[in-house]
Amino acid sequence: MQQKNITIDETIPHINYIADGIQTEFVFPFLIFESSNINVYVNDNLLTEGYTISFENNDTGGSVIFNTAPQKDSVISIIRELSIKRVSDFQEGGEIRSKALNYEFNYQIACTQQIAEALNRSFLLPVYSVNSGLVKDFPQPAANKAIIWNSSGTGLTNSQIEIDKFNNIMENYHTDSRTAAAEAASSAASAASSLGQCQTLTAKAQEQADLAQQASEVTRFMHIGSIIAFDHPASYPGLLPLNDENHATGYLISNCDTGYPDFWTEMLRLKTLSINNPEYEKYSKTQEEYDAELSANTTQENSYCDFYVIDEEQKSVRLPYLGKAEHGICYYIVIANKFENVSEAQFASIQNLIDQKVGESVKTDLSNAMPNIDFVIESWNEGESWYRLYKSGWLEQGGYIWWEEDQTRYVVNLLRPFRDSYYSLLTTFRTPTLCVSLYGSTYGQNETEFKTKSYGRADETVGVIWRAAGYAAEI
């Protein structure tokens with residue numbers, strides 16, 4: 001076998017080269033015992049032919065000689081692969097020759113080097129890692145799923161979503177965001193040019209009228225996934241009920257990806273956010289969890305569940321069920337960008353009740369909203385005072401103020417200032433119980449306040465209900 005004893009150096013039995021398209025012979029500087037000990041890779045392909053191995057039994061190295069030079073810039077990897085075994089058998093009382101003993105030790109050292117080299121290509125926990133309770137097993141392979149740490153950080157698990165599909169969704173969001181930003185910049189430049197042409201008071205008044213009409217139209221857009229309430233049953237395209245007794249186990253939207261593609265995309269995004277994030281866990285529930293929650297939340301023959309079941313395989317979404325409508329309040333979820341064929345009176349009802357939400361409002365990134373879609377970006381209420389500010393700058397506010405005793409004039413301070421005095425104003429005068437010959441008017445309307453005046457006589461203290469709408473001042 002060996003002509004002389006060879007001392008194995010502290011050498012890694014693995015070497016790489018970058019091919020130049022000309023060279024055919026590649027040297028490996030480590031011991032092998034037979035030519036089958038060498039594995040040769042070109043890039044990620046293990047070769048079984050197309051080369052020969054040249055080595056001497058009394059030397060610590062050799063060469064791989066290709067029949068044809070590998071393609072330029074390809075990676076040539078040469079690695080020793082030994083069978084982990086004993087190669088000598090020393091008999092009881094028999095002669096132990098140094099040649100056989102050295103061969104056995106050399107082979108075992110070479111096997112140890114092979115294991116050490118493999119560990120160098122493996123992921124290891126740091127020496128200061130706390131291993132108590134850590135499960136080091138990999139989960140069973142699952143197609144298109146990513147491997148992540150579980151919620152307790154004690155082991156690995158498969159992700160709930162298909163990672164490539166999530167990447168595609170994020171890429172689409174980024175593309176839409178860039179498109180929306182470009183169109184918004186174009187719209188801003190166009191608006192600035194139009195504003196510069198308004199030179200007279202008449203033109204400015206006309207502009208205000210046009211903007212008010214535009215605001216009335218765009219406010220018919222609601223953010224997909226929002227939950228809104230009515231004081232009456234509603235049937236508007238773009239909404240689905242959440243407490244319809246005909247769907248007491250939750251309204252099921254089949255073929256959601258084709259029937260309501262924007263809503264389907266939003267549901268997938270929220271399900272993705274639910275991974276290791278308790279704030280969004282209601283978007284990652286199974287049908288079994290939904291049924292259990294529905295059964296657990298049963299009081300006086302009325303059950304409810306605020307979970308969502310988002311089935312990526314069936315492309316379906318089961319909506320929350322919020323129980324039977326009580327006190328005349330009916331809840332709905334927005335599944336389309338716009339309510340079609342809704343009258344002004346019907347839409348006014350939506351606006352009056354939009355602040356009545358169920359649970360936590362849906363949180364999402366609205367940076368990709370198109371310029372012609374308006375939505376509420378800030379709202380506030382305390383007692384009977386409230387305001388809503390829209391992305392377009394449109395501002396709605398109102399309240400209820402009691403006058404002091406025997407006072408016939410009262411100044412109402414606006415909750416937020418308007419950019420000018422061209423805003424609409426509605427007021428109603430009332431008393432808690434009985435009113436005799438009471439009526440009033442407003443005057444002195446400006447950006448921050450308006451004045452009220454009453455006529456006639458009331459048996460009790462007078463109050464005024466007010467509502468104003470227009471464009472907000474920049475803050």
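Predicted model: local features only at pLDDT ≥ 70, side-chain atom pairs only at ≥ 80, totals over all residues.
Figure 1. Beyond its neighbours within four places in sequence, Phe263 is in contact with Ile224, Gly225, Ile253, Cys256, Val317, Leu319, Ile333, Val334 and Ile335. Phe263 also belongs to the largest nonpolar core, which comprises 21 residues. Within that core, Phe263, Met267, Tyr308, Val317, Leu319 and Ile333 are the residues that touch the most other members. The element that gives the most to this core is helix H5, with 5 residues.

**Figure 2. The open sheet formed by strands E12, E16 and E15.** These 3 strands follow the order E12-E16-E15, and their pairing is antiparallel. Strand E12 (252-253) and strand E15 (309-311) lie at the edges, each pairing on one side only. Helix H5, spanning residues 261-273, packs on the sheet and touches E12, E15 and E16. The direction of H5 makes about 105° with that of E15. Strand E16 (residues 316-318) runs antiparallel to E15, and 3 bridges join the two. In this pairing, Ile310 stands opposite Val317 of E16.

**Figure 3. The stacked pair Phe418 and Tyr423.** In the pair shown here, the ring centres of Phe418 and Tyr423 are 4.2 Å apart and the ring planes stand at 20°, so the pair is classed as stacked. Both residues are shielded from solvent by the criterion of under 20% relative accessible area: Phe418 counts as buried at 2% relative accessibility, and Tyr423 is buried with a relative accessible area of 6%.

**Figure 4. The edge-to-face pair Phe450 and Trp466.** The ring centres of Phe450 and Trp466 are 5.8 Å apart and their planes meet at 65°, so this pair is edge-to-face. Phe450 lies in strand E24 (residues 449-458) and Trp466 in strand E25 (residues 463-471); the pair therefore ties together parts that are 16 residues apart in sequence. Phe450 is buried, with a relative accessible area of 0%, and Trp466 is likewise buried, at 4%.

**Figure 5. Glu447 and its contacts.** Glu447 is located in the loop between strand E23 (435-443) and strand E24. At 35% relative accessibility, Glu447 counts as partly exposed. Not counting residues up to four places away in sequence, Glu447 touches Leu414, Pro417, Phe418, Arg419, Asp420 and Ser421. One of these residues, Phe418, is a member of the stacked pair with Tyr423. The C-alpha atoms of Glu447 and Tyr423 are separated by 8.7 Å, the two residues being 24 residues apart along the chain.

**Figure 6. The aromatic cluster of Tyr17, Phe26, Tyr51 and Phe66 within the chain as a whole.** Ring pairs link Tyr17, Phe26, Tyr51 and Phe66 into a cluster. For orientation, the chain has 7 helices and 25 strands. Of its 475 residues, 34% are buried. Among contacts in the chain with a separation of 6 or more, 67% are between residues 24 or more positions apart.

Technical notes:
Residues numbered from 1 in each chain as written. Heavy atoms only, no water. Pairing = 2+ DSSP bridges. Helix = DSSP H or I, 4+ residues; strand = E, 2+ residues; numbered from the N terminus. Contact = heavy atoms within 4.5 Å. Axes fitted to C-alpha atoms, helices over the stretch in contact; angles between N-to-C directions. Phe/Tyr/Trp six-rings, centres within 6.5 Å; stacked < 30°, edge-to-face > 60°. Buried < 20%, exposed > 50% of the residue type's maximum accessible area, 1.4 Å probe, protein only. Core = buried A, V, L, I, M, F, W, Y, C linked by side-chain atoms within 4.5 Å.
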